[in-house]
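Subject: Two-chain model for you

Hello,

Here is the structure I promised to send over. Please open it first, then read my notes below.

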Amino acid sequence: MTEATVTSVAASTRRGRGRRKAGTHHGVKGFLFTAPFMVLFLGFFIAPLLYALYLSLFREQLVGGNAFVGLDNYKDGLSDPDFRSGVGRVALYMVVQVPIMLGLALVFALILDSAKVWFPRLFRVAFFMPYAVPTVIAALMWGYIYGRDFGPFADIADKLGTSPPNFLSEKLMLWSIANVATWTWTGYNMIIFYAALRAIPSELYEAAAVDGAGAVRIARYVKLPLLRPAILLCTIFSIIGSIQLFAEPQIFYAIAPQVIGKAYTPNLYVYNLAFSDQRLNYSAALSFLLGLIVFIFSILVMYMSRRQEETR
Amino acid sequence: MSAVPTATPEAAAVAQPEARRRTGVAPGAGRNIVPTLFMLAFLVYFLMPLVWLLISSTKSLDDLFDSFGLWFRGFHLKENIQETFAKDGGVFWTWIRNTLMYSVISAGGAALLAAMGGYGFAKFDFRGKNALFWIVLGSVMVPQTALAIPTYLLFSKVGLNNNPLGFILPSLVSPFGIYLMRIYAESAVPTDLIEAARIDGAGEFYTFRKIAFRLLTPGFVTVLLFTFVSTWNNYFLPLVLFSDEKWYPLTVGLAQWNSQATASGGSTAAFNLVITGSLISVVPLIIAFVFMQRYWQSGLSAGSVKG
């Protein structure tokens, strides 16, 4: 971007918002405030990213060493069955897990906000608690709980004289992983929604209550529309998180190697390509493709959300 | 690019912690048994794994295999803890120390950088400000692998892999912290106050240190807590970065113990130590959470109320 456009953007926002701002002679100082962050951001974010971009355009060849191959790695990635099945799997996971998790979080938050339950404080703290558990440890724990050796499900099934469902089988694995994520993150999202609900001035729905609207109607017609921004934010963060799924399948690999394999999720595949197979150039290209997919999904969600708002 | 919606100052004002706490409940509200039962059912779901962890860490390895998962058999918690800390020459202590060091330094540094940067973005105009801000925000969408692997490659060239700085320096970069502090500074620090300080001849950094920072403290604490937890929980970057186990954080160390235990299998495997180690690394954060609820809520609301 040229300097001229940057300044004109800055100038137009200044006019547009009409807010009182410090004069330009303070500008340099303002930049100095952001500079320490920016230096680290350049060094430990932008630089590795550019390096990965550079790597992704080359290929290690038996003859001739490192050769520039343009977008060939990307083309290979798009037709790589391992990468495609991984993307398909996390997409399926996302479509199922994100609505369940956010739906539950929303219901919990609305219930807590309506002050219709006993022990609201207990529920709030207890539901949020799994967020304090690192994903790795959550996966370890659930892995044991799912298993036949230490798991309560297996014990109960034994008592009943049946065999427990094999949570780590090919059929159930994805949903067992989804459960770990739901367990860890639902409370976190609930707290975000709850905080947003608490910020709604109560006059807004006291009026509706006077008109005879019940709690459910108030939730549906007054509270939900006001929660839209918080829901959008949580949806986008959840999408980013589910496409990047890594820790759970990586931990479950130890207990179910045949089911997980090397490419269960795209991130796991990229990791294995880089560290087991030493195919750094190809793995760099795949991580960029993955970033692009995350970007497309996020834009799609924002677009749909805007469309919905316009039709209301 | 707009991964995270921009916030308006009005929204931030609404979101200001404790600013509009409602008093009392809506008229006609009565407690109801049906939603309470619904919530109780999920209480069981959310607490069950933690209860399992607590109970299991009191069992000897043999009892782990033989007894019902959700009830006690014997009491070996003390022995388990002793064994956990003694295993592999006391490496668990090292992992705890590492995790604390990484989390404390990253959290303090990231929160300070975010407070300064957010203040700079909120209260000053400079060339390219908006472009910079959007680039920072857009970075939220970059997958961790896209970053961790080249970071590892670059760091191994300059000898920063197997070095605590290799993990700490990238952890100091918190784009979400910058976003949060910008919104927070816009509403919490009145521009008039800064102008007044200027008229009195105070330098910009003096003003920030003595006036603005005090007003920014609740936001600062929120970013501090977030970065602390995300560094404490981070798995991918340290997994990629460290090959020497003396630099492992708890997450990577426990995962390694787990795969060793699973690989050796049977009754010689140290599953009881993986379980006890997990309990030990979870307890401090849970306690911190229960006592710092207020900060979590206010901070989260500041970041997400309005789009």
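In these notes, two residues are in contact if their C-beta atoms, placed from the backbone, lie within 7 Å. Keep in mind that this is a predicted model.

Confidence first. The predictor gives the complex an ipTM of 0.85 and a pTM of 0.85. Chain B averages a pLDDT of 83, and 85% of the residues score at least 70. Within chain B, helix α7 (residues 164–171) has the highest mean pLDDT of the elements, at 95. Helix α1 (residues 9–15) has the lowest, at 37. Over residues 1–28 of chain B, pLDDT stays under 50. The model still has 56 contacts beyond four places in sequence for that stretch. Where pLDDT is low, the predicted coordinates should not be read in detail.

Now chain A. It has 14 helices and 2 strands. Its radius of gyration is 25 Å, well over the 20 Å that the globule rule gives for 312 residues, so chain A is more spread out than a compact globule. The C-alpha trace spans about 80 × 80 × 40 Å along its principal axes. Chain A is divided into domain 1 (21–51) and domain 2 (79–311). The centres of these two domains, taken over C-alpha atoms, are 34 Å apart. Of the 312 residues in chain A, 46% are buried. Among its contacts with a separation of 6 or more, 69% are between residues 24 or more positions apart.

One residue to look at in chain A is A:Arg306. It lies in helix α14 (residues 280–311). Is A:Arg306 buried or exposed? A:Arg306 is exposed, because 12 other C-beta atoms lie within 10 Å, and a residue counts as exposed at 12 or fewer. A:Leu232 is 74 residues away from A:Arg306 along the chain, yet their C-alpha atoms are separated by 10.0 Å.

Chain B comes to 14 helices and 0 strands. Buried residues are 49% of its 307 residues. Of the contacts in chain B between residues at least 6 apart in sequence, 77% join residues at least 24 apart.

Next, the interface. How many residues of chain B are in contact with chain A? There are 97, and they meet 100 residues of chain A. Helix α2 (residues 33–56) of chain B gives the most to the chain B side, with 12 residues. By class, that side has 61 nonpolar, 26 polar and 10 charged residues.

Last, helix α12 (residues 250–264) of chain B. It has 15 residues. From first C-alpha to last it reaches 21 Å, close to the 21 Å expected at 1.5 Å a residue. Its buried residues are B:Leu250, B:Thr251, B:Val252, B:Gly253, B:Leu254, B:Ala255, B:Trp257, B:Asn258 and B:Ala261. What do the buried residues of α12(B) pack against? Elements of both chains are involved:

- From chain A: α6 (135–146) and α11 (247–255).
- From chain B: α4 (77–123), α10 (204–233), α11 (236–241) and α13 (271–291).

An α-helix has 3.6 residues a turn, so residues three or four places apart point the same way. Among the buried residues of α12(B) are B:Leu254, B:Asn258 and B:Ala261.

Best wishes

Definitions and conventions
Residues are numbered from 1 along each chain as its sequence is written. Chains are lettered from A and ligands numbered from 1 in the order in which they are written. This is a predicted model: local features need pLDDT of at least 70, side-chain atom pairs count only at pLDDT 80 or more; totals for chains, interfaces and linings use all residues. Helices (H or I, at least four residues) and strands (E, at least two) are DSSP runs, numbered from the N terminus. The expected span of a helix is 1.5 Å times one less than its number of residues. A residue is buried if 20 or more other C-beta atoms lie within 10 Å of its own, exposed if 12 or fewer, and partly exposed in between; C-beta atoms are placed from the backbone. Ala, Val, Leu, Ile, Met, Phe, Trp, Tyr, Cys and Pro count as nonpolar, Asp, Glu, Lys and Arg as charged, and the others, Gly among them, as polar. pLDDT is the predictor's confidence in each residue, from 0 to 100. Domain bounds come from an automatic or database domain assignment. The radius of gyration is taken over C-alpha atoms; the globule rule is 2.2 Å times the number of residues to the power 0.38.
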